[in-house]
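Here is a walk through one protein model, from its overall make-up to a few of its parts. Keep the structure in view while reading.

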Amino acid sequence: MEVFHGSPLKAPAVEVVDLSSDNGFDDGKRENERADASSPELDNGEDSDHLSLYEDMLDGMPNHSDWEDEPLDVCSVEESFAFRKRLRLVGEDQFITETVEAGAVTAKKLCTAFGIRPPPFLEGQPDHKYYPLLGLGITRELSKRVKLPQFNTIDDAVDLLRKSKNIIVLTGAGISTSLGIPDFRSKDTGLYSQLEHLGLSDPQEVFDISIFREDPSIFYSVAKDILPSTRKFSPTHAFIKLLQDKEKLLTNFTQNIDNLESHAGIVPEKLIQCHGSFATATCVECGYRVKCEEIYKDLKAGRVARCDRCVRSLRLKPFGIKRKRSTNGVTTSKKKRQSYEDSTDDEDYDVAIAGVMKPDITFFGEDLPETFHDRLTKHDRDLVDLVLVIGTSLKVAPVSEVSNFLPPETPQIYISREPCQHIDFDIDMLGECDAIVTELCRRTGWELQHEMIKDDKVEVQLHEGYASRFSFRSVPA
């Protein structure tokens, strides 16, 4: 089997679903040894033109629980766990010999052990057609980070905070929810659950760059719901600023677009806004950039903002030259027409064909800023001595790949409401981010000041069956 390798940190932003089932593959007990593995020599029988498609599938496969009602020949939870464990124990060559080559299991079924749904276009094909897809699944499994056994307790986390001098903090929407800003994926309260009324096949299409180019009015119809409405920041933002003040912060990689890290005082040279922000907006036609405040009126009204420079340029054209209506790459057959686009008035017509202003947030399908890749690969990777992942489920690539990309000997701590099933962190701290970082500061002897911090007692409980997973709960004093 020929194994293909991608460039996960350079890939466009895409949604990823846990490749592990939500049943607890990530149980803190995974074997720490990783056998050396090389690609087995099986004929892949597949043209490499499918490589990109295969990699996209790896980045978007659902959990086993999503397949319960489908007539698929899938590995059970127990079988999947056993296959993954065996792969790490014996290495890739021996694993393939014992499974596919020995006829013990088909490549098609074995794909499901690595969270991969067999694609419809391969249905009915010979089993060897599944080899490239299986190879990608195996490669990704072996590239996953392995938990460091020496870090397990809250005291270990406190000691790491005290000793570390170059901390990467990777943050998501969970650090802003205490301010009333919804996250994206929480059931009933997350932004995606509130967008179902749009009638899209997937609410995430609101942030799909191809959909935006086809019909920007879909994004603008909900923009007011995601537009930052506050400059206040949370205790977790203050915690990151405290790390900076103590000269411990290497970089804050944030997936948030609310720009609150800047308001909290994180300096630009230590802040990478992986998915952009609402600080600026750019014309998709001519590249003219403005402060986003200049289009706030349109954003709040749900009206597609047009480029002032394009409008001025159009109005300076000599009279008598017939202007051809431009679509700016928009498919007119699918585009929702705005009221002013039907006008015959020259001035309205100029506005209607001017370029669309797009807030400088990263949509699915767009590349992340070069600063993300450059900072991580050319600077931080050689310096980092601790990683804190806070308030994110790590379900959007390529940010989801950061944890596995960093040196395997670097300790990593996870802080969020729910556990991350597809990455082995050294210590998991589950609960409200603000309460957790406040308690960590108390135990470390640091003074974290913020108006939202209460005098509540924080109860910490070890999860049954785990050596390094804890729940935090605030209890009124």
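Accessible areas here come from the Shrake-Rupley method with a 1.4 Å probe. By that method the protein exposes about 22,400 Å², and carbon and sulfur atoms supply 48% of this area. The model is a predicted one.

The protein has 477 residues, and buried residues make up 52% of them. Its secondary structure comes to 16 helices and 13 strands. Among contacts between residues at least 6 apart in sequence, 74% join residues at least 24 apart.

The interior can be taken next. In soluble globular proteins, nonpolar side chains tend to be buried together. In this model the largest nonpolar core holds 35 residues. The members that touch the most other members are F239, L388, I413, I415, M429 and L440. Several elements give two or more residues to this core: the helices α6 (154-163), α9 (235-245) and α16 (433-444), together with the strands β2 (167-171), β8 (386-390), β10 (412-416), β11 (427-430) and β13 (469-475). Leaving aside residues up to four places away in sequence, L388 touches L161, I167, I168, V169, L170, F239, L243 and I413.

Now to a sheet. Three strands form an open sheet in the order β6-β5-β7, and their pairing is antiparallel. β6 (289-291) and β7 (357-361) stand at the edges with a single partner strand each, so one side of each has no neighbour in the sheet. From one strand to the next, the twist averages 35 degrees. Strand β5 (residues 276-283) is joined to β6 by three bridges, and the two run antiparallel. For A281, the bridge partner in β6 is V290.

Which residues of α12 (residues 308-315) are buried? They are C310, V311 and L314. Seen down the axis of α12, the buried residues fall within an arc of 100 degrees, so they line one face of the helix. An α-helix has 3.6 residues a turn, so residues three or four places apart point the same way.

Technical notes: Residues are numbered from 1 along each chain as its sequence is written. This is a predicted model: local features need pLDDT of at least 70, side-chain atom pairs count only at pLDDT 80 or more; totals for chains, interfaces and linings use all residues. Side-chain values use heavy atoms; hydrogens and water are left out. Buried means under 20% relative accessible area, exposed over 50%, partly exposed in between (1.4 Å probe, protein chains only). Helices (H or I, at least four residues) and strands (E, at least two) are DSSP runs, numbered from the N terminus. The arc is that of the directions from the helix axis to the C-beta atoms. Contact means heavy atoms within 4.5 Å. A nonpolar core is a set of buried Ala, Val, Leu, Ile, Met, Phe, Trp, Tyr and Cys residues joined through side-chain atoms within 4.5 Å. Two strands pair if DSSP finds at least two bridges between them. Axes are lines fitted to C-alpha atoms, for helices over the stretch in contact, and angles run from 0 to 180 degrees between N-to-C directions.
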